[in-house]
There are 2 protein chains.
Amino acid sequence: MKLLVTQENLNKALHHTAKVAMGRNSLPILNNILISAEINQLKLVATNLEIAITHYIGAKISTPGSITLPARLMQEFIGNLPSGPIDLSLSGQKMTITSGKYSSSINGIGAEEYPELPKIASDNELGIDAKELKKALSQVVFSASSDDSRPVLTAVLMNIADHKITLASTDSYRLSEKIIKTDSNLSAKLLIPASAVADLLRIIGDSEETVTIKYDDNQVCFAVGESELITRQVDGEYPNYQALVPKEFKVVASVDKDELLRITKVTSLFARESAGSITLTVDELTKELKINSLASQVGENSASTAATIKGEGGFVTINSRYLIEALSAFSSKNIDFCFNDKLAPCVISSAKEPGYIHIIMPLKS
Amino acid sequence: MKLLVTQENLNKALHHTAKVAMGRNSLPILNNILISAEINQLKLVATNLEIAITHYIGAKISTPGSITLPARLMQEFIGNLPSGPIDLSLSGQKMTITSGKYSSSINGIGAEEYPELPKIASDNELGIDAKELKKALSQVVFSASSDDSRPVLTAVLMNIADHKITLASTDSYRLSEKIIKTDSNLSAKLLIPASAVADLLRIIGDSEETVTIKYDDNQVCFAVGESELITRQVDGEYPNYQALVPKEFKVVASVDKDELLRITKVTSLFARESAGSITLTVDELTKELKINSLASQVGENSASTAATIKGEGGFVTINSRYLIEALSAFSSKNIDFCFNDKLAPCVISSAKEPGYIHIIMPLKS
């Protein structure tokens, strides 16, 4: 194995792949990156057996071959080299890397010991605009559960049906749903581990291309540009959350999103002793949305923002962190905060962001 | 106690003081800030019994008085308020803070329970340009020891004598010394805890004024702008390090500082198993300074940079982290790396930065 590659390309490939090999891995070889010199290109692969990321870069290959090298060391080393050409030359299991006045040799482990990558056993395939998918995933992934006791809730649902893709996640205290359109005639319910979504967002990066999605019963593959991510699906049946989404509201308050975010953050400082409980009151008389913390040992806070109110007034008590995360997922200037009574789910939506809703269950205080 | 103050001023005062009250404090009241409304000004004080910081801001005082309030909550709360006037009004031990549509009440602890601040029992006083002192402290503080077994080495020495101020610190593996001039006729050896220097640098900030230094046998006070920091001195006799500083060198290599820093960082990645050991070789023939890591399980690295060599060639083995930190303290483009033989101290200096030297003891490998 002998080849010439640019520092920029190799650094980018390591940026896209190495992280997967840097977690807590059961097998030592999973801390390595598989590097294969093929015809005119270099392939880098990292896997933690849950997901695998492959990235291809152009390279001048003199002698094909493959080896696995420590991911963290490679990423730090290549990232610190000056830009320009890098020579890679393998002798036994020792890779000599030369760039200008830098020369290093890194001890690898034979490629034959690297686990075989999963393959998609189906022709199901659809494309989504990279920017649209990235935004949609960012808007739903944060409300997935991090608690493994109900594994299905650690997934982001990707429900493909009727020329629509519905992305959803819920930890049973809150729920995000985003609907985007598709030309595809396919129909499928895919359960993507939320933990894979961070890696997926990284490889999508600022791409303006199309993300190609392939899937079978057990796995989903996302391909964009020179990168490809395969993840296993989460087992189980996703709960039928649709019944939970209220369709009509007694109270609808339209407010400036940034202003609501700011008063929520300030009030949350006083809500630490009460596990983040804050009470939102829609006041018809003053035309305001008010936020109060409960009185605690440190003190209490109340703040308000102007609101355009449809329907009647009312109040509801929710977790301030959930509200902060939900508001941060919207990009429009105004949002609607809607609810029926103090025990029913609150819905946050925006006329400027159709297809996206966020639901927060109230606290029974 | 009742007053009006701007968010900008109160936020700045909290930025300068609150951190001292946010460490691990033995007494609960030390997590609070003492706030005193005096004539036309508000005084904020935080102390951890080692150091105390006082900051004054202008305020419209209606009723004088004082109270202590939780430092962390105050800093986060005031920092998140919009700019503009803030009303503070004390009733019993409850402080009501109002700003536009925000209103909060914070429970305090009576000011009478706050510890009394130390005072300087002497008229010794000198002034140093704030920028000059900030740079000098930054250049020496990092080589102070963090090991309490020899307390005197956890101090930065400030030796005032013969119209010079010599700042020095050493952890016995390396040493920094910076000499600045002064008009003062005073003579004193002050031992400032290195841990106080971070706070001092924060209150100096971007000030272009003069820092006034007052001291007695036990304490030192630094006053700049509206802030004042008093610290206890470290007990003990500072070692006479001067004898250790070599005056002549067999090997002097002048190199580009950024280039040396880069090759040191890259090589240090390969030196983790050997506790950071790297060998620097000055090669008269190739006119290069070369850096090598020792061969280890992960591999090894060598890199070089062009050098102007005075004297002969040679090599020395040192800790890569010490070299990285030392080089980062220089601001000039070129530095001189000087040594005598592989067991004698290395000296780093720069013709463009007179008065500053850094010494690293070699590793006996």
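With contact taken to mean heavy atoms within 4.5 Å, the interface in this predicted model draws 33 residues from chain B and 33 residues from chain A. The area buried between chain B and chain A amounts to about 2700 Å², and carbon and sulfur atoms contribute 50% of this area.

Between chain B and chain A, 18 residue pairs are in polar contact, with both residues at pLDDT 80 or more, and the count of salt bridges between the two chains is four. One of the salt bridges is formed by the side chains of A:Glu288 and B:Lys101, for which the N to O distance is 3.1 Å.

On the side of chain B that touches chain A, at least two residues each are supplied by helix H2 (71–80), strand S9 (102–107), helix H5 (257–268) and strand S21 (299–306) of chain B. The largest share of this side of chain B comes from S21(B), which provides seven residues. Classified by residue type, the side of chain B that touches chain A comprises 13 nonpolar, 11 polar and nine charged residues.

Strand pairing also extends from one chain to the other: strand S21 of chain A (residues 299–306) is joined to S9(B) by five bridges, and the two strands run antiparallel. Within this pairing, A:Asn301 has B:Ser104 of S9(B) as its bridge partner.

Conventions: Residues are numbered from 1 along each chain as its sequence is written. Chains are lettered from A and ligands numbered from 1 in the order in which they are written. This is a predicted model: local features need pLDDT of at least 70, side-chain atom pairs count only at pLDDT 80 or more; totals for chains, interfaces and linings use all residues. Side-chain values use heavy atoms; hydrogens and water are left out. Buried area is the accessible area (1.4 Å probe) that two parts lose on being put together, summed over both. A polar contact is a pair of N or O atoms within 3.5 Å; within protein, one must be able to donate a hydrogen and the other to accept it, and residues adjacent in sequence count only if both atoms are side-chain atoms. Helices (H or I, at least four residues) and strands (E, at least two) are DSSP runs, numbered from the N terminus. Ala, Val, Leu, Ile, Met, Phe, Trp, Tyr, Cys and Pro count as nonpolar, Asp, Glu, Lys and Arg as charged, and the others, Gly among them, as polar. Two strands pair if DSSP finds at least two bridges between them.
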